[in-house]
Amino acid sequence: MSAETDQAMNQRAILDVRNLTTEVATSEGSKTIIDNVSFQLAQGETLCVAGESGSGKSVTSLSIMGLLPPSARVKSGEVLLAGHNLLTLNDRQMQDVRGGDIAMIFQEPMTSLNPVMTVGAQLVEAIAAHHGLRGSAARTKALEALDAVRMSESKRRLVQYPHELSGGMRQRVMIAMALSGNPKVLIADEPTTALDVTVQAQILALMNDLKRDFGTAIMLITHDMGVVAEMADRVVVMNGGSIVESQAVMNLFATPQDSYTQKLLEAVPQLGSKQGEKVESEAGKPDRQAIVEIRDLTVRFDIHGGLLQRPVKRVHAVEQVSLDLFPGETLALVGESGCGKSTIGKSLVNLIPWTGSIKIGGQEIAGLSSVHMQPIRRNIQLVFQDPYAALNPRMTVGELVGEPLIIHRLAQGGELTDRVAELFRRVGLDPAMMDRHPHEFSGGQRQRICIARALSLGPKVIIADESVSALDVSVQAQVLDLLDELQAELGLSYLFISHDMAVVEQISHRVAVMFLGQIVEIGPRDRVFENPQHPYTQRLLDAVPIADPARRRTDRVLPTGEVPSPIQSLDYVPSIARLTDFGGTHFAAIEQEGAD
Amino acid sequence: MAAYLFRRIVEAAFILLGISLVTYVLLYLLPADPVRQIAGRSATQETIANIRQQLGLDLPFYEQYWRYLSSLVQGDLGRSYIQRSEVSELIAARLPASLLLMVAAIFAELVMGLTMGVVSSIRRNSATDQSLMVLSFVGVSAPQFVVGFLLLYVFAAQLGWFPIGGYGTFSHLVLPAMTLGFMGAGWYSRMMRSSMLNVLGQDFIRTARAKGLGKARIIFRHAVPNALLPIIAMIGIDIGIFMSGIVVVEAVFGWPGIGQLAWQAIQRVDIPIIMGVTLVAAFSIVMGNLLADIVALFVDPRIKLK
């Protein structure tokens, strides 16, 4: 950037952060968590602050807002809003800035709203705080704010509580609340991370419209380089509390200067990364015996209520799903939250009641007691999403990995230690770390421990339920590589349950797309990704942010609806979509002329 | 709602049935003999046998219990062995005093406890917080008769602000209610403190701050209502703890409630009164719980009737 444009930038910068340094008090004295951070945000501009967990991007926004936790404090620097340094304001003065000049929305729309206040009351109090409006005038303004974020049935929403709304609707409420103060700057901290991809696309589009219509400057904090590519005008990349690179979005993706940025961009799973690459589908080969055969799997949960606790409603979680998993293949189950993909995973190990037929290694598991299920469980193991919650914090990681061997009476004493050490080496961990506890490991290491534990019984199938979703992209890439290696070495089959289409494209051989408890499309990866037949698959793929600003789509027409609910009345009989054969083991639930 | 209430009341009936059985069994197994209490030391074998037969105590256990139950469902709690009057009348005469004391004590403990808890949580780790928590620890651990005598000594005997004992006016009520409420206040201040700290760390508090709301509004409109949710369920359970405390406090302050009635009855093995008081106490605990659940229903929109 030349000196001239730099100066021009400063003049129209609405928010100018200079040399911001924040430290946190720890038991070993104060520790700097963001160091000398400077950037500007101009009116009508979207600045993305990108980085992995612990990079200091959220702390930066909290420092600007004066919302740091008591243990942290800004040590030095300036935060200039239209030329006035916010760091010199007292708490009372900051109250007018917060929600007035600068508004903020957060990652978790589920927990960011007060559960015992109506949506209307929460909007009205924000309006009252900054406009001094009360009563019906404030309510009218609240309704306008909801309409501005294109909330359906806005009038009814005012008297509803947050738990009655979907995640996307709650984030709309948050945005409406933020906009009600007519802010000059909107700070959005991972606003779509907790949302489904189609909902994410809607919210991002909404933010772009608001920027255009109101000229709001947006500081968008995200870990998702796809979101960066879709949204940013300029990008600040943070790592370890410092800015490593700051560029216009096109330049950043085209010619990243810093080595960290380069690594980060390389690690990002790109939708279309395997375009044109044919997969060897196990399903297509004749005479292959499936390791897992699912036929007409149906899972329904009753919701009880009334005087005698009789069932009043029914959740149709999975409806007549049939699929095969072949040895050595990765079958991805994709779909949005509530589509039933995790339920299938749980059914395979008999963790929930289901009907239909599931054969594992040729043996029917329907109705098997847990005693008879035990030997089958050796063949099918689970790796979950949250490696923090999946490991008992009071056991050493060596005990955790060895526990299945003890339960199944497969090893003890010195042999046990040897086998655990071998498992550690296999997942790329040093066996010397066996005596440590889970909290001493990073997220990626913990997920390796979970994988080692799953491998301990020598399974043939691993159900990976969102196993890389909680990990940073660079770590995610490593874990995906590990899964690939293990498959090549051990001939494992993966049922890879995920909402992330880019990751799925990278790892899977075949893909099954689920919608409302049914498979709407299933086929080889290349066919599903490059020639999707079902409209839902097309919508899902279309909604994925593309980590390439050159391919940014501005003219997309997004469906505004919500995903329909799987909860139905008791007499509801679901219509089962018939799968049409598109050839080459590619099926989709649509009628095709000429197809049989 | 009506269906829910009906179901809860049916549940309550079963609970009371269970409690009556357990109490009856315990009293039956008790080595003390009510007949000897009534007849006195000098009574002849014949008199004792007569009384035993009169009271039906010579019958087998299940028959005794069945008789008791049959009259109970007709609303008849029986007659006191010693006082020779209807148990229901004895209880009815004393229940209002106990209920008054209980309501006053709950009010006292909530006002003291919740205030202490809120102040502690927003002044976390300060000297105020620490001294309040020490005070609450004293409240939880000090025996009620000690607290009662202490309050009597200071505020009645020395300062003369309140009467030493008795019943009738508001100033009679203050010290017993404070004594009974002091322990609960200790409990509630600790619970409220931790509940508040939990709520203050939640995302929606950060949202409220990000909206630019003032401190007072954040605490009283956002934090306190959410922090109260787990407390409400506790208040229902608390009535049970009160029931045992009330015996001691009524004795210390000469308060004419059912606690005193129960205490005298236990000394004299007056089974109908013990049974009656136990059932009334159990009934109020069950009703207290139901009331707490209904209140929670109105405070927390997420709770659906089950």
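What volume does the second largest pocket have? About 1200 Å³. The value comes from a predicted model.

## The second largest pocket

A total of 35 residues line this pocket. Closest to its centre are A:Leu67, A:Leu68, A:Pro69, A:Pro70 and B:Arg209. Chain A gives two or more lining residues from each of helix H2 (57-65), strand S4 (72-81) and helix H3 (91-97).

The lining of the second largest pocket holds 20 nonpolar residues, seven polar and eight charged.

## The cavity

The count comes to one cavity of 30 Å³ or more. The largest cavity has a volume of about 90 Å³. Its lining has 13 residues. Nearest the centre lie A:Gly99, A:Met177, A:Ala178, B:Ala210 and B:Lys211.

In chain A, strand S6 (102-105), helix H4 (119-131) and helix H7 (167-179) each supply at least two lining residues, as does H9 of chain B. H7(A) gives the most, with three residues. By type, the lining of the largest cavity divides into seven nonpolar, five polar and one charged.

## Chain B

Chain B has twelve helices and zero strands. Its C-alpha trace spans about 85 × 55 × 30 Å along the principal axes. Of its 306 residues, 44% count as buried.

B:Trp255 sits in the loop between H10 and helix H11 (258-267) of chain B. Is B:Trp255 buried or exposed? B:Trp255 counts as buried because its relative accessibility is 1%, below the 20% cut-off. B:Tyr62 is 193 residues from B:Trp255 along the chain, and their C-alpha atoms are separated by 37 Å.

On the surface, B:Met1, B:Leu291, B:Val295, B:Phe298 and B:Val299 form a nonpolar patch. Together these residues have about 490 Å² of accessible area. B:Met1 belongs to the segment before helix H1 (2-29) of chain B. With a relative accessible area of 44%, B:Met1 is partly exposed.

## A buried loop residue in chain A

A:Leu471 lies in the loop between strand S17 (461-465) and helix H17 (473-490) of chain A. A:Leu471 is buried, at a relative accessible area of 9%. A:Asp386 is 85 residues away along the chain, yet the C-alpha atoms of A:Leu471 and A:Asp386 are separated by 8.9 Å.

## Salt bridges

The whole structure contains 32 salt bridges over all chains. One of them joins A:Lys57 and A:Glu190, with the closest N and O atoms 3.8 Å apart. This pair links distant parts of the chain, 133 residues apart. A:Lys57 is in helix H2 of chain A, and A:Glu190 is in the loop between strand S7 (185-189) and helix H8 (197-214) of chain A. Both A:Lys57 and A:Glu190 are buried.

A:Arg157 pairs with A:Glu153 in a salt bridge, the closest N and O atoms being 3.6 Å apart. A:Arg157 is buried at 5% relative accessibility, whereas A:Glu153 is partly exposed at 47%.

A:Glu415 and A:Arg419 also meet in a salt bridge, at 3.6 Å from N to O. Why are A:Glu415 and A:Arg419 separated by about one helical turn? Because they are four residues apart in helix H15 (residues 413-426) of chain A. A:Glu415 is partly exposed at 44% relative accessibility, and A:Arg419 is partly exposed at a relative accessible area of 32%. Elsewhere, A:Arg150, A:Asp209, A:Arg212 and A:Asp213 are joined into one network by salt bridges that share partners.

Note on methods
Residues numbered from 1 in each chain as written. Chains lettered and ligands numbered in written order. Predicted model: local features only at pLDDT ≥ 70, side-chain atom pairs only at ≥ 80, totals over all residues. Heavy atoms only, no water. Patch = residues over 30% accessible without salt bridge, like charges linked within 9 Å, V, L, I, M, F, W, Y side chains within 5 Å. Areas by Shrake-Rupley, 256 points an atom, 1.4 Å probe, with all protein chains shown as cover. Salt bridge = Lys/Arg side-chain N within 4 Å of Asp/Glu carboxyl O. Buried < 20%, exposed > 50% of the residue type's maximum accessible area, 1.4 Å probe, protein only. 1 Å grid on protein atoms, 1.4 Å probe; cavity = no way out; pocket = protein on both sides within 12 Å on 5 of 7 lines; lining within 4 Å. Points joined across faces, edges and corners; volume = space filled by probe spheres on them. Nonpolar A, V, L, I, M, F, W, Y, C, P; charged D, E, K, R; others polar.
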